[in-house]
Amino acid sequence: MHFARSARALLPLAGAALLLAAAVQPAAADLEQAVKALQAGDVVTAEKELQLLAKERDPRAQFVLGLYIYGNAESKLFDINKATPLLLDASERGYLPAMIPLAGAYAEGKGVPKSLFEAYKWCAIAERWNVPNASLALEQAGRELPAAEVEKAKAAAAAYTFKTK
């Protein structure tokens with residue numbers, strides 16, 4: 001569950017998905033410009049475009065900022081302490097793509113205290129909502145967590161409700 005190991009490989013796919021989402025969402029111009037800048041390797045412009053949306057708590061902007069700009073060790077704006085809170089806020093409000101990277105951050109203690117319990121919980125929530133690769137991440141997280149803790153994390157995931165604000 002490495003936090004941003006495959007961020008570069010996922011960029012074209014994420015860019016296409018975000019462009020599609022931007023076409024039907026408010027603030028589409030800012031998001032579209034950010035994705036184009038990110039695809040061109042201009043993280044400074046992408047950050048600028050996304051900051052306004054992230055301040056409004058747009059989970060798409062939080063996800064892109066958290067994973068590709070601040071969470072990517074190859075980014076010149078890399079700052080794990082900015083990345084993880086953005087992924088956490090987006091995940092807590094139900095933004096599914098942010099959950100597996102957040103679980104990875106917890107598993108590695110990147111930007112949050114290391115917690116295999118929280119990593120497992122977020123993988124379980126993601127699996128419940130059919131996030132791609134969540135089952136694989138859940139299996140991996142389960143190998144590192146004691147059985148008694150797995151049961152507690154499953155219960156916490158089952159009881160979790162997304163924040164509405």
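**Note on an all-helix model**

At 17% relative accessibility, Tyr-160 counts as buried (buried is under 20% relative accessible area, exposed over 50%, partly exposed in between, with a 1.4 Å probe and protein chains only).

1. **Basis.** This is a predicted model, where local features need pLDDT of at least 70, side-chain atom pairs count only at pLDDT 80 or more, and totals for chains, interfaces and linings use all residues. Residues are numbered from 1 along each chain as its sequence is written, and side-chain values use heavy atoms, with hydrogens and water left out.

2. **Make-up.** The protein chain has nine helices and zero strands. Helices (H or I, at least four residues) and strands (E, at least two) are DSSP runs, numbered from the N terminus. Of the chain's 165 residues, 47% count as buried.

3. **Surface and contacts.** The accessible surface of the chain comes to about 8,500 Å², and 57% of it belongs to carbon and sulfur atoms. Areas come from the Shrake-Rupley method with a 1.4 Å probe; for residues, only the protein chains shown count as cover. Take the contacts (heavy atoms within 4.5 Å) between residues at least 6 apart in sequence: 55% join residues at least 24 apart.

4. **Core.** The largest nonpolar core has 48 residues. Such a core is a set of buried Ala, Val, Leu, Ile, Met, Phe, Trp, Tyr and Cys residues joined through side-chain atoms within 4.5 Å. Leu-50, Phe-63, Tyr-120 and Trp-122 have the most contacts inside it. Helices H2, H3, H4, H5, H6, H7, H8 and H9 each supply at least two of its residues. In soluble globular proteins, nonpolar side chains tend to be buried together.

5. **Helix H4.** This helix is mostly covered: ten of its eleven residues are buried. Among them are Arg-60, Gln-62, Phe-63 and Tyr-68.

6. **Aromatic pairs.** Rings of Phe, Tyr and Trp (its six-membered ring) pair if their centres lie within 6.5 Å; planes under 30 degrees apart count as stacked, over 60 as edge-to-face and the rest as tilted. The count comes to five aromatic pairs. Phe-63 and Tyr-68 form an edge-to-face pair, 6.0 Å centre to centre with 85° between the planes. The rings of Trp-122 and Tyr-160 have centres 5.2 Å apart and planes at 65°, so this pair is edge-to-face. Trp-122 lies in helix H7 and Tyr-160 in the segment after H9, so the pair ties together parts 38 residues apart in sequence.

7. **Trp-122.** This residue is buried, with a relative accessible area of 1%. Beyond its neighbours within four places in sequence, Trp-122 is in contact with residues including Leu-88, Met-99, Tyr-106 and Tyr-160. Trp-122, Trp-129, Tyr-160 and Phe-162 form one aromatic cluster.
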